[in-house]
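The tour moves from the whole chain to single side chains.

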Amino acid sequence: MRRVPPALVIAADGTYAARLTTAPGAGPEHTADPAWYPERWTLDGPEPYAVPLPLDQPEEAASDVLPFSDGRVLIRRRVADRHAFSLLYPTGPGTGELPLGALACAELTLLPPSPDGMSAYALVPGDRSTAVWLVAGGAFGPEHVAEVPGRCSGGVWLDRQGRLLALDRQLREGGPVKAVAVDLERGGEVTPLLQIAPDSHDRLLLADPDSGLLLIRSDAPGEDRLGWGVLGSCLPVRFPECLRVPGATLTPFAVQPGQMLMPESCAVALRIDGACGSWVGVWRPSGRRLHQCAAPGGWLAGAGFWTRDGVLRLPYAQEGAPCAVALLEAPADEPHRSDTNGTEPSAADPTPGVCRPVPLGEAPLTGRTAPG
């Protein structure tokens with residue numbers, strides 16, 4: 001059982017966020033058994049503010065919270081051999097709770113917030129397949145919506161309607177992990193999404209529905225590398241040399257929205273973890289440079305979102321500012337030759353010819369055209 005919950009979960013539209021936290025001065029470093037409670041952040045107003053949502057009993061650190069676009073917060077709790085779901089909302093001085101039902105299973109993982117802002121999904125692995133459950137937003141409690149062969153993990157939304165979901169799937173134990181697209185409105189129809197090399201592990205980390213930009217982690221180049229591709233493009237996945245930082249781990253967490261059919265111009269925010277802590281990286285496929293920036297003190301590491309005009313909003317909490325957001329404008333990149341148009345690798349590929357074109361055109365999103 002984990003001791004510390006995830007830092008902060010932000011709704012798909014950036015209006016609200018939620019986390020489990022403790023009373024000031026009673027964090028996990030001060031007591032062996034801290035009392036956790038949900039907290040909702042409002043992010044779309046002139047000033048961010050937090051609303052505590054405590055109930056009569058403290059929450060376990062292993063619980064999960066997920067914000068909805070109407071301000072309610074979903075909470076998943078482990079109760080004996082069941083996973084119970086409820087919606088929490090402020091009611092004057094107290095907290096209201098609407099039970100949604102439960103699932104009896106040993107293992108369950110909540111998926112990232114749905115783009116529709118009013119639904120929540122979960123993965124439940126079985127012996128030979130993984131079930132996708134609608135745990136909030138249905139008519140009568142949890143609803144089984146799809147059964148995907150193999151063991152699935154991850155979870156990235158490919159559209160803005162909450163219909164197309166990318167999962168990292170392993171068909172057999174010890175076999176390669178390949179990202180697939182699952183159509184939730186067609187009974188869980190599965191389509192290959194990433195096929196870089198026959199035996200490589202190809203995972204999808206982030207996707208931007210506007211531009212089609214995909215952020216990928218794969219060992220096809222001979223080691224685990226961050227790469228990028230474009231949904232619907234026949235161009236190969238590229239693995240920029242600038243995204244290799246010795247002694248540090250890079251994890252993308254936000255992509256600039258609104259760049260219609262312009263994947264190379266999208267700003268990508270990355271969490272950089274090294275021996276001295278965590279900080280922020282900003283990178284564009286066309287820029288071929290990783291900008292490294294100090295994070296605000298108390299940054300809820302890995303949390304943040306872009307505005308359409310290229311401002312990165314980083315939530316943080318510190319003494320005197322328990323709910324705050326720092327603004328970081330995407331640094332400018334040096335201009336490049338106009339004939340490149342971002343269609344060539346961001347750096348020389350250390351193992352030319354290893355990576356094959358990604359069959360992104362086989363994904364159930366149509367109408368994309370490769371830039372350039």
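Buried means under 20% relative accessible area, exposed means over 50%, and partly exposed is in between, with a 1.4 Å probe and protein chains only. This is a predicted model, so local features need pLDDT of at least 70, side-chain atom pairs count only at pLDDT 80 or more, and totals for chains, interfaces and linings use all residues. Residues are numbered from 1 along each chain as its sequence is written, and side-chain values use heavy atoms, with hydrogens and water left out.

**Whole chain**

Start with a cartoon view. The chain has zero helices and 26 strands. Both are DSSP runs numbered from the N terminus: helices are H or I with at least four residues, strands are E with at least two. Now colour by burial. Of the 372 residues in the chain, 52% are buried. For contacts (heavy atoms within 4.5 Å), take the pairs at least 6 apart in sequence: 45% of them join residues at least 24 apart.

**Stop 1: R19 and E39**

Select R19 and E39. Their side chains meet in a salt bridge, 2.9 Å from N to O. The term requires a side-chain nitrogen of Lys or Arg within 4 Å of a carboxyl oxygen of Asp or Glu. R19 is in strand β2 (residues 16-21) and E39 in strand β3 (residues 37-42), so the pair ties together parts 20 residues apart in sequence. Buried or exposed, what is R19? At 12% relative accessibility, R19 counts as buried. E39, at 9%, counts as buried too.

**Stop 2**

By the same rule, the count comes to 17 salt bridges. Next, select D64 and R76. Their closest N and O atoms are 2.8 Å apart. D64 is in strand β5 (residues 64-67) and R76 in strand β6 (residues 73-79); the two residues are 12 apart. Both D64 and R76 are buried.

Go on to D333 and R284. This salt bridge is 2.8 Å, N to O. D333 lies in the segment after β26 (321-329), and R284 lies in the loop between β22 (277-283) and β23, so the pair ties together parts 49 residues apart in sequence. R284 has 15% relative accessibility and counts as buried.

Then select E223, R225, E241 and R244 together. Salt bridges link these residues in a network.

**Stop 2: aromatic rings**

Which residues form a tilted pair here? Select F253 and W299. Their ring centres are 5.8 Å apart and their planes are at 50 degrees, so the pair is tilted. Rings of Phe, Tyr and Trp (its six-membered ring) pair if their centres lie within 6.5 Å; planes under 30 degrees apart count as stacked, over 60 as edge-to-face and the rest as tilted. F253 lies in strand β20 (residues 249-255), and W299 lies in the loop between β23 (290-293) and β24 (305-306), so the pair ties together parts 46 residues apart in sequence. Both F253 and W299 are buried. A search of the whole structure finds two aromatic pairs.

The charged end of R238 sits over the ring of W228, 4.0 Å from its centre. That wording needs NZ of Lys or CZ of Arg within 6 Å of the ring centre and within 35 degrees of the ring normal.

**Stop 3: strand β20**

Select residues 249-255, which make up strand β20. Five of the seven residues of β20 are buried, so this strand is largely enclosed by the rest of the structure. β20 and β21 pair in the antiparallel sense over six bridges; pairing needs at least two DSSP bridges between two strands. Pick T249: its bridge partner in β21 is D273.

**Stop 5**

Select V180, in strand β15 (residues 177-183). At 2% relative accessibility, V180 counts as buried. Leaving out residues up to four places away in sequence, V180 touches L165, A166, L167, R169, V190, T191, P192 and L193.

Finish at P99, in strand β8 (residues 94-104). At 58% relative accessibility, P99 counts as exposed. With residues up to four places away in sequence left out, P99 touches F85 and S86.
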